[in-house]
Amino acid sequence: MTAALVVGGGAAAGCKAQAAGSAPIRVTKTSVPPETPDERRRSSVSNSTPGEGDGEPAKPVRRTNRAAPADPVLLTFGARGAQVRELQARLRKLGLFDRNPTGYYGPVTTASLRVFQRQQGLRGDGTLTSSAWTAVRARTSPPSHDELYPPTTLPLDDPDPRCLTGRALCVSKKSRTLAWYVNGRMLSAMDVRFGSAYTPTREGQFGVDFKSRHHVSTIYHTPMPYALFFSGGQAIHYSSDFAARGYGGASHGCVNVRDKKRIAALFAQVRKGDKVVVYK
């Protein structure tokens, strides 16, 4: 809006008279309305530094301290596989795992690793972390194939001296294993279980009386495949119940084997008259 004020020769109320002979003075005044909030915001954006956001004011940069990376977990309870088997074999070398490797990360493996971690001043929860694995490997040599894949779940017992001559089936109740020896050399081994307290497996030295590939018990009417009879009705044979239930059950005095392939191979090698030594 523009207003013009012209000062002439006559007097006007409230106005100063112009000097004689001077030209009229024209005064121009421009009035500007106040900025709206939107206009102020657009003006602020136009003056901001490019690249700070699409029409948004620049935000202050916050610096945060990043936490150190956690120790990566490699294996934990319930894991299976080759690395579990190697861990168990290495802990066995350290005297902390009292069984043969199974490849299953269960309570025994967890407890054994927990002891090792505490010995080394590591976090002792039984979970295999990167630092724990490095420590285990630094203190043990690489396990051999036989150390990784032993023939029995539990370590073999020292053989009875009677097993080290001739051909002998060496059965240890202490280690719950059967080892097949020929002239002092062990050819195979396998897990076994025995009779219950009411029908115990007899101890002593016997001989294989006869073999029966597809035998069925005449007393209990249960299958006894690959039976090697050595003491009356007692025999070494495959047991599907042992394979399914493990040591939760018992036989009626026989020596049960749960590995069908191993007992089949043994059955093919054993002859009538070969020794059977059962000892504690």
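Below are my entries, in the order I looked things up.

**Whole chain.** I am working with a predicted model. I count seven helices and 13 strands in the protein chain. Of its 280 residues, 34% come out as buried. I also checked the contacts between residues at least 6 apart in sequence, and 53% of these join residues at least 24 apart. The accessible surface is about 17,600 Å², with 53% of that belonging to carbon and sulfur atoms.

**Helix α3.** I took residues 107–119 next and tested the length of the helix. At 1.5 Å a residue, its 13 residues should span 18 Å, and I get 19 Å between the end C-alpha atoms, which agrees.

Which residues of α3 are buried? My list reads Thr109, Thr110, Ser112, Leu113, Phe116 and Gln117. They lie on the same side of α3, because their arc around the axis is only 165 degrees. I remind myself that an α-helix has 3.6 residues a turn, so residues three or four places apart point the same way. On the other side of α3, I find Pro107, Arg118 and Gln119 exposed.

What covers the buried residues of α3? I noted α2 (82–93), β4 (128–129) and α4 (130–138) among the cover. Just past the end of α3, I spotted glycine 121 with a positive phi of about 75 degrees.

**Serine 188.** This one sits in strand β7, residues 185–193. Is serine 188 buried or exposed? Its relative accessible area is 19%, and buried means under 20%, so I log serine 188 as buried. Leaving out residues up to four places away in sequence, I see serine 188 touching Leu178, Ala179, Trp180 and Leu266.

Terms used: Residues are numbered from 1 along each chain as its sequence is written. This is a predicted model: local features need pLDDT of at least 70, side-chain atom pairs count only at pLDDT 80 or more; totals for chains, interfaces and linings use all residues. Side-chain values use heavy atoms; hydrogens and water are left out. Helices (H or I, at least four residues) and strands (E, at least two) are DSSP runs, numbered from the N terminus. The expected span of a helix is 1.5 Å times one less than its number of residues. Buried means under 20% relative accessible area, exposed over 50%, partly exposed in between (1.4 Å probe, protein chains only). The arc is that of the directions from the helix axis to the C-beta atoms. Contact means heavy atoms within 4.5 Å. Accessible areas come from the Shrake-Rupley method with a 1.4 Å probe; for residues, only the protein chains shown count as cover.
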